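Please examine the sequence and the structure shown below.

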Amino acid sequence: MFPTPIHKRGTAANITYRVALWVSLVVWLLPLIAVALTSVRTLEDITRGNYWGWPTEILWYQNYVEAFTRTPLARYMLNSVLITVPTVIGSVALAAMAGFALAQYRISPVVLTLTVGVVIAVFMVTNIGVSATLLLGFVAAVVASAWLLRRSRWPGELLLFAMFIAGNFIPFQILMIPVRELTRSLGMYDSIEGLVVFHIAFQTGFCVLFMRNFIKALPYEVIEAARIEGANEFQLFWYVILPLVRPALAALSVLIFTFIWNDYFWALVLVQSDSAQPITAGIQALRGQWVASWQLISAGSIIAALPPVIMFFAMQRHFIAGLTLGAVK
Amino acid sequence: MTDTFLPSRPVPRSGFRTWFDRHQTRIAPWVFLSPALVLFAVYVIYPIVQSFWISLHDWDGLGPMEFIGLGNYVELLLYDFDFETAVINNVKWLVLFMLSPVFGLATALFLNQNVWGIRFVKSLFFFPFVISQVVVGLVFTWFYDPANGLLNVILEGLGLPGISPLSSETYVTFWIIAAGLWPQTAYCMILYLTGLNNVDAEQVEAARIDGASSWTMLHKIILPQLWPATFLAIVVTVIGSLRSFDLIAIMTNGGPWGSSTVLAFKMYEEALFNYRMGYGAAVAVILFLFMSVFIAWFLTRLVRQER
C-alpha cells in the first residue's frame, strides 16, 4: 500500500492525519455546505445580510415546499425523469447488442464503407442536389470499393468501434445546428421524445465502448460451449451474454442516468417550454424569477442535485467501476 | 481425442439446416449492430458532415442558404476579436485544467489510508462530480457573490480587501476554471484511487525494505504503474476542458463583455442568439478540428493496445 499506512507511524501523526482528514473534507465541501445552510434560512436573514452566521431560525422544509408550490419545479423534475429513464434503457439496450457484435464477430470493412457511403450519398442528395449521373457514379464507386474490400484483412469491427469512441468525444457544438434542424423536421422540437432520441443516439457511443470491452473480456469457452450446445446466435445473446454482463449493465445505467440528468446544453438547444424542460434548464430559468431569493435558489439546487446523488450512494460500487473502466490494466 | 469433430457452427436439432442456420453467424452481427449504427449515423456522423457544409454558407436558420465559401472562416480569423478571446480562453482552460490530474493524484494519495470512516470521506470527496454543472455553477456564483459571497466573508476575515471575481474582465476566466476544477479533481481522484488500489504491493514492500524514500518510490514505482489512470485522467480532462460550456453559461453568460467566452459558448451564441448559423458552424468546425487532434491521439493508443 502506498503511501505508508498511517497506523505504522506514531500517535502524533495518527491524530494529525485523522483531524486533517475531516477538516479537509469540510473545506472541500464548503461551497455545498454554504448552499445547504442557505436553503434553510428565513427571508429576513437573507435580507438582513445574515448569510453566514447561524440562522436565527431554521426552516427545515418551508423553503423547499415554497420552491415546489410556487414554481413548476415538480414539472421539471418529472420531465427529467421522463427524459432520463427511457434514455438509460434505450442506450444501454442498443449498446449491449452493438457491443456484442463488435466483441464477438469479425466484421468486414464493407460495413463501414457502406455506412460512410450512404451518409455521404444522402448528404449529396439533400444538401448539394447533385445530378443523377454524379450520384450514380458515386454509388458505383462505393459499391466497387466495398466489393474490393470484401476480403480485406482490415479489422472492420475495430474500425467501427473506433468510430463509436470518436463520436463520444466530439464537441456537442458540431452537432448542434443539424440535430436541431433534424429534430424540428421530425416534429419533435420542444418535446421530451426529441431529447430522448438524440440522447440515446449520442450515449450509444460511450455505452458501446463500455459494453464491447466488457464482452470482449468474457471467457470465450462459455460462448463456444453454448454454440456447441446448439444455441443460435440470438439465444446465445439472450441466455448467455446478457446474464453475464449484468454488472456492466448496472454500471452503465447509473452512469448514463447521471450524465443525462445533469445535461444542460441539449436541454437548451432542443426544448424551450416548461412542459419539456428538465430540471437543469428549469432551475436556470427560475433563477431569473427568484432574483435575490437565494434561499429558494439554494433549495432548488439541492433538489436538482439529489437524484444523481442518491443514485451514486445507492450504486456506488457500480458507479465507480463504470467510471474507472480502463484506469487499471 | 485429437480428431474430435467440433462443428464450427451450431447444428440445429431438427437435423436439417435451414438457410438461416447456415448463415446466422453472418446475419447476426448485422442485426445486433444495425439499430445502434443507424441511430449513430443519423444523429452523430451525418450532422458532423452537415456542419462542415453549413459553415461554408451565410444562413440565418430560416431563409435560403447562400454559399460563401470560406467567408466565415476569413471573418473569424481576421476580423473577429471575440474569436481570439475565445481561443485564448480555451487555451487557458486546457492548460489550467491539467491541474486536476495533479490535484487528483495528491488527493488520492492523501485519502489512500485505512482509517475509520475513510470510505465515507472518499465518497464525499467525490461528491462534486456527481452533481450537475448547473448546480456547481450556481453554488460558485453564490460563493463568489461580491456583496454576500462566502469568499469575500473569508477574505475580510483575513483582513484582505473584498473582490468581485465574476466582473473582472481580466480574471473572470480563471475564477470559472477554479469552479470547474472542483468536480474535475474529484473525477481524477477516483481514477487514481482505483489505480492505487491495484498497485503491486510486493514491489512497494521491496522498495520500502531497500530504504527508498517516499518521493523516489512515487516517481519510480507508483507513477509508472498508475499510467493507465493518468492516461484516462488526461483524456477526460482534455475533453472536459474543451467542452466547457455549462459553467460559463450559468456563471457569466460569456461576460463581462464577452471576456469569459470560449469556442463552445461562442458557437451557441452566434447560432441561437445572433441567428448566424453558418458562422456558428464555422466556430464549431474549428473546435472540432482542435479536438480531433486529441481524439486521434487517444484512438491510435487504443487501437495499438488492441493489436
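**Salt bridges and the chain interface**

B:Lys266 and B:Glu270 both belong to helix 13 of chain B, four residues apart, about one turn of the helix; helices (H or I, at least four residues) and strands (E, at least two) are DSSP runs numbered from the N terminus. This is a predicted model, in which local features need pLDDT of at least 70 and side-chain atom pairs count only at pLDDT 80 or more, while totals for chains, interfaces and linings use all residues. Residues are numbered from 1 along each chain as its sequence is written, chains are lettered from A and ligands numbered from 1 in the order in which they are written, and side-chain values use heavy atoms, with hydrogens and water left out.

**Salt bridges within the chains**

- B:Lys266 forms a salt bridge with B:Glu270, with the closest N and O atoms 2.8 Å apart; the term denotes a side-chain nitrogen of Lys or Arg within 4 Å of a carboxyl oxygen of Asp or Glu.
- Side chains of opposite charge can pair when their charged atoms come close.
- B:Lys266 counts as buried because its relative accessibility is 2%, where buried means under 20% relative accessible area, exposed over 50%, and partly exposed in between (1.4 Å probe, protein chains only).
- B:Glu270 is also buried, with a relative accessible area of 8%.
- Salt bridges that share partners join A:Glu224, A:Arg227 and A:Glu233 into one network.
- B:Arg276 forms a salt bridge with B:Glu75, the closest N and O atoms being 3.0 Å apart.
- B:Arg276 lies in the loop between helix 13 (263-272) and helix 14 (277-306) of chain B, and B:Glu75 lies in helix 2 (residues 71-79) of chain B, so the pair ties together parts that are 201 residues apart in sequence.
- B:Arg276 counts as partly exposed because its relative accessibility is 26%, and B:Glu75 counts as partly exposed at 28%.
- Over all chains, the structure holds eight salt bridges.

**The contact between chain B and chain A**

- How many residues of chain B are in contact with chain A? There are 115 residues of chain B in contact with 116 residues of chain A, contact meaning heavy atoms within 4.5 Å.
- The two chains bury about 10,800 Å² between them, 78% of it on carbon and sulfur atoms; buried area is the accessible area (1.4 Å probe) that two parts lose on being put together, summed over both.
- B:Phe32, B:Tyr43 and B:Trp142 supply 9% of the area that chain B buries against chain A, more than any other three residues.
- Helix 1 (residues 19-54) of chain B gives the most to the side of chain B that touches chain A, with 28 residues.
- By class, the side of chain B that touches chain A has 89 nonpolar, 19 polar and seven charged residues. Here Ala, Val, Leu, Ile, Met, Phe, Trp, Tyr, Cys and Pro count as nonpolar, Asp, Glu, Lys and Arg as charged, and the others, Gly among them, as polar.
- Between chain B and chain A, the count of salt bridges is zero.

**Cysteines**

- A disulfide is a covalent bond between the sulfur atoms of two cysteines.
- A search of the whole structure finds zero disulfides over all chains, the criterion being a pair of cysteine sulfur atoms within 2.5 Å.
- A:Cys207 counts as buried at 0% relative accessibility, and B:Cys188 is buried with a relative accessible area of 0%.

**Backbone angles in loops of chain B**

- B:Asn253 lies in the loop between helix 12 (246-251) and helix 13 of chain B, and its phi is near 55 degrees, a positive value in a residue other than glycine.
- B:Tyr275 is found in the loop between helix 13 and helix 14 of chain B, and phi of B:Tyr275 is near 55 degrees, again positive in a residue other than glycine.
- B:Tyr275 counts as exposed because its relative accessibility is 51%.

- A:Ser80 lies in helix 5 (residues 73-104) of chain A and counts as buried at 1% relative accessibility.
- Not counting residues up to four places away in sequence, A:Ser80 touches A:Trp261, A:Pro278 and A:Ile279.
- A:Leu249 lies in helix 13 (residues 246-261) of chain A. Residues up to four places away in sequence aside, A:Leu249 touches A:Val92, A:Ala96, A:Met211 and A:Leu242.
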